[in-house]
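Biologist: Let's go through this one together, and I'll keep asking where each label comes from. Can you put the model up?

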Amino acid sequence: RTAVQTAFLATYKPGPTPFTVSLTRQLTGALVAVEAALSRVRRSVQGGAVQRARLNRLKRDVGALARAPGDIVASVGDLLGGFGAGGTRAVASIYGFAPSVRPPATTPSRKQERANYDALRLYLQRSVAVRTAELAVGDTYGDYTEARSARDLVTGMLDEQAEVAADDAFPDLHQLRADVVRALPNPDVDLPRLLSVTPEAAVPSLVLAYQLYGGVDLEADLLERNKVRNPCVVLAGRPLEVLSK
């Protein structure tokens, strides 16, 4: 996070108000994406109110925010830090925010505006990637495939950023990627694998769970994972996704 912030602050030099339009629009797009992400996670009433009040304040003052790189860093940290356990994919969804139109580099001031635009987009996306990595590593997963999926989500973002990163951020992004690959799936946890099973005869879900696992503890997972409408009759001939023992 420090490397990403340092790279941003070294490049982002806001100028006169007329040349912050593209930056303001880009920040607005990011704030809208954060708002959408918040709607995807369960939050306490108080916590949700605090986040939405912060978002509304930033959207009202987005022009001033675009001219204050230190405030951008603080605001991004506060907003992403507000997502806790279970918010991995919600935070990841912010990565693809609408960045607005990239300004042309037709004059010296416009060249700086474009440099600001690029620095801001990279900073926002890298901050999202870093926060997603933190949340993904701390999450609990029900099976090996789920953990692998979270790992691929994070490494995909980090790979994209590493391709365009300069020497100031590349080593840290590369190291973060290596750390995530080592941590997911957690080598100290023996996660079950996903298997495909096709019942030869229609049976109640309790019977099927007992046949698969020698007990009924995983019946609820079986029902939820396969969207079984009627637990009394699990249809024959339909492939089911089940956990290994």
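Modeller: A quick definition before we start: a helix axis here is a line fitted to C-alpha atoms over the stretch in contact, and the angle between two axes is taken between their N-to-C directions, from 0 to 180 degrees. Keep in mind that this is a predicted model. With that, the axes of helix 2 (21-38) and helix 7 (residues 108-138) cross at roughly 15° and come within 9 Å.

Biologist: What makes helix 2 and helix 7 roughly parallel?

Modeller: Angles under 35 degrees count as roughly parallel, and this pair crosses at roughly 15°. Helix 2 and helix 7 are therefore roughly parallel to each other. As for handedness, helix 2 passes helix 7 in a right-handed crossing.

Biologist: Which residues make that contact?

Modeller: From helix 2 you have Val21, Ser22, Leu23, Gln26, Leu27 and Ala30, and from helix 7 Glu113, Asn116, Tyr117, Leu120, Arg121 and Leu124. By class they divide into seven nonpolar, three polar and two charged.

Biologist: Now helix 1 and helix 7. Why is that pair called roughly antiparallel?

Modeller: Helix 1 (residues 2-11) packs on helix 7 at an angle of about 170°, with the axes 9 Å apart. The cut-off for roughly antiparallel is over 145 degrees, so helix 1 counts as roughly antiparallel to helix 7. The crossing of helix 1 past helix 7 is left-handed. On the helix 1 side, the contact has Val4, Gln5, Phe8 and Thr11; on the helix 7 side, Gln112, Ala115, Asn116, Ala119, Leu120, Tyr123, Arg126 and Ser127. That gives six nonpolar, five polar and one charged residues.

Biologist: And how do you know that helix 7 and helix 9 are roughly parallel?

Modeller: Same test. The axes of helix 7 and helix 9 (residues 170-183) come within 10 Å and cross at roughly 25°. With the limit for roughly parallel at under 35 degrees, helix 7 and helix 9 are therefore roughly parallel. Helix 7 passes helix 9 in a left-handed crossing. Arg126, Val130, Ala133 and Val137 of helix 7 meet Leu173, Leu176, Val180 and Ala183 of helix 9. The contact has seven nonpolar, no polar and one charged residues.

Biologist: What is the volume of the largest cavity, and what lines it?

Modeller: The volume is about 150 Å³, and the structure holds one cavity of 30 Å³ or more. The lining has 14 residues, with Ala30, Val34, Val76, Leu79 and Leu124 nearest the centre. Helix 2, helix 5 (69-81) and helix 7 each give two or more residues to that lining, and helix 5 has the largest share, five residues.

Biologist: What is the make-up of the lining by class?

Modeller: The lining of the largest cavity has 13 nonpolar, one polar and no charged residues.

Conventions
Residues numbered from 1 in each chain as written. Predicted model: local features only at pLDDT ≥ 70, side-chain atom pairs only at ≥ 80, totals over all residues. Heavy atoms only, no water. Helix = DSSP H or I, 4+ residues; strand = E, 2+ residues; numbered from the N terminus. Parallel < 35°, antiparallel > 145°, perpendicular 65-115°, else oblique. Left-handed = near helix turned anticlockwise from the far one by under 90°. Contact = heavy atoms within 4.5 Å. Nonpolar A, V, L, I, M, F, W, Y, C, P; charged D, E, K, R; others polar. 1 Å grid on protein atoms, 1.4 Å probe; cavity = no way out; pocket = protein on both sides within 12 Å on 5 of 7 lines; lining within 4 Å. Points joined across faces, edges and corners; volume = space filled by probe spheres on them.
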